[in-house]
Amino acid sequence: MPPSAENVPHHVAIIMDGNGRWAKQRGLPRIEGHRRGVETVRTVTLAARDLGVRMLTLYAFSIENWKRPQDEVGALMSLLEYYLKKELDTFIRDRVRLRTIGRTEELPAGVQKILQTTIEATKHFTDYTLVLALNYGSRTEVVDAARAYAAAVAAGKEKLNDSSWATFSRYLYTADMPEPDLVIRTSGETRMSNFLLLQAAYSEFVFTPVLWPDFTKADLSAAIADYNRRERRFGQISEQLKPAAAK
Ligand code: IPE
Ligand code: IPE
Ligand code: MG
């Protein structure tokens, strides 16, 4: 049964993992796994919206991924540019707003250009947002935020004595985004790999052995159903969450 609309996580974030292993299992070059992974990105972007999700964040390239062999990094960047160029019309047709988190200013010029075009062309869509985490790392995000916060304090725009999570978090890349309700990681790995470490403080996690190129709408739906069986307590106890009248 599909999950009922009110229990659908507003924001789902996915660590898309397992492209390389998918290719290796078939005796194919790793980039072939990434190509198939892009197909999954297309499917899952629309599937999430069909299921009632309002924001989907996809971890597409981490700061640490620069350490991969140069030819793989180059191929990933070309694939990213190709994907964005191909999707521009689709985003407009399907009313998908695109935005990014991460140090996108360090990406190749061609990627930056198509990103800017797409972000600009889709910025007025409000129903559904696809967030690509590109050259993203939580630790770098905190350093960037701390630097911007310190500059704001020095300029008299923030008062150090008023520091709180509410004031500081406005300097993160995710400033105007809701926190992820559900974080999914594919490929059987059970780690965060420097992804949304602060924002996921109270997220629910689903780890699935499915490799990203094999991930389907049914897998997403199953993860959401799993999410629906959880009770998010945010530090409280169960009884506090259910008003007496509702019992
Ligand atoms: C995820 O797949 C894609 C990126 C990190 C860009 P991997 O390339 O990490 O695939 P595995 O983990 O080697 O199977
Ligand atoms: C995390 O996957 C990064 C992305 C999905 C973009 P990795 O495959 O790079 O993570 P590790 O190195 O196995 O932790
Ligand atoms: Mg991996």
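**View 1. Strands β5 and β6 run side by side.** Strand β5 (residues 182–185) and β6 are parallel and are joined by four bridges. Strands here are DSSP runs of E with at least two residues, helices are runs of H or I with at least four residues, and both are numbered from the N terminus. Two strands pair if DSSP finds at least two bridges between them. Across this pairing, I184 sits opposite V206 in β6. Strand β6 (residues 204–207) has E204 and V206 on its covered face, while F205 and F207 are on the uncovered one. In a regular strand, side chains alternate between the two faces of the sheet.

**A note for all views.** What you see is a predicted model, in which local features need pLDDT of at least 70, side-chain atom pairs count only at pLDDT 80 or more, and totals for chains, interfaces and linings use all residues. Residues are numbered from 1 along each chain as its sequence is written, chains are lettered from A and ligands numbered from 1 in the order in which they are written, and side-chain values use heavy atoms, with hydrogens and water left out.

View 2. Follow β1 and you will find five of its five residues buried. Buried means under 20% relative accessible area, exposed means over 50%, and partly exposed lies in between (1.4 Å probe, protein chains only). H11, A13 and I15 point one way from the strand, and V12 and I14 point the other way. β1 and β2 are parallel, with five bridges between them, and I15 stands opposite Y59 of β2. β1 also pairs with β5 in the parallel sense, over four bridges; there, the bridge partner of I15 is R185.

**View 3. I184 in the largest nonpolar core.** This core has 42 residues, and those with the most contacts inside it are I14, L56, L84, L130, I184 and L220. A nonpolar core is a set of buried Ala, Val, Leu, Ile, Met, Phe, Trp, Tyr and Cys residues joined through side-chain atoms within 4.5 Å. Elements giving two or more residues to the core include β1 (11–15), α2 (30–50), β2 (55–62) and α7 (217–228). The most comes from α3, with nine residues. A second, separate core of 15 residues includes Y136, M177, V183 and A200. Back at I184, the residues touched include V12, A13, I14, I15 and V206, not counting those up to four places away in sequence. Touching, or contact, means heavy atoms within 4.5 Å. In soluble globular proteins, nonpolar side chains tend to be buried together.

**View 4. The surroundings of ligand 1.** Around this ligand are M16, D17, G18, N19, G20, R21, R30, H34, A60, N65 and R68. A residue counts as near a molecule if one of its heavy atoms lies within 4 Å of it. A polar side-chain atom of R21 is 2.7 Å from an oxygen atom of the ligand. The backbone takes part too: a backbone N or O atom of N19 lies 3.1 Å from a ligand 1 oxygen, and a polar backbone atom of G18 is 3.4 Å from an oxygen atom of ligand 1. On its own, ligand 1 has 380 Å² of accessible area, and the protein covers 86% of it. These areas come from the Shrake-Rupley method with a 1.4 Å probe; for residues, only the protein chains shown count as cover.

**View 5. The surroundings of ligand 2.** Residues surrounding this ligand include I15, Y59, R185, R191 and S193. An N or O atom in the side chain of S193 lies 2.6 Å from an oxygen atom of ligand 2. For R191, a polar side-chain atom is 2.8 Å from a ligand 2 oxygen, and for R185 the distance is 3.3 Å. Ligand 2 exposes 390 Å² when taken alone, and the protein buries 78% of that.

**View 6. D144 in helix α5.** D144 is found in helix α5 (residues 138–154) and is buried, with a relative accessible area of 18%. The side chains of D144 and Y173 are joined by a polar contact of 2.6 Å. Such a contact is a pair of N or O atoms within 3.5 Å; within protein, one must be able to donate a hydrogen and the other to accept it, and residues adjacent in sequence count only if both atoms are side-chain atoms. Beyond its neighbours within four places in sequence, D144 is in contact with R103 and Y173.
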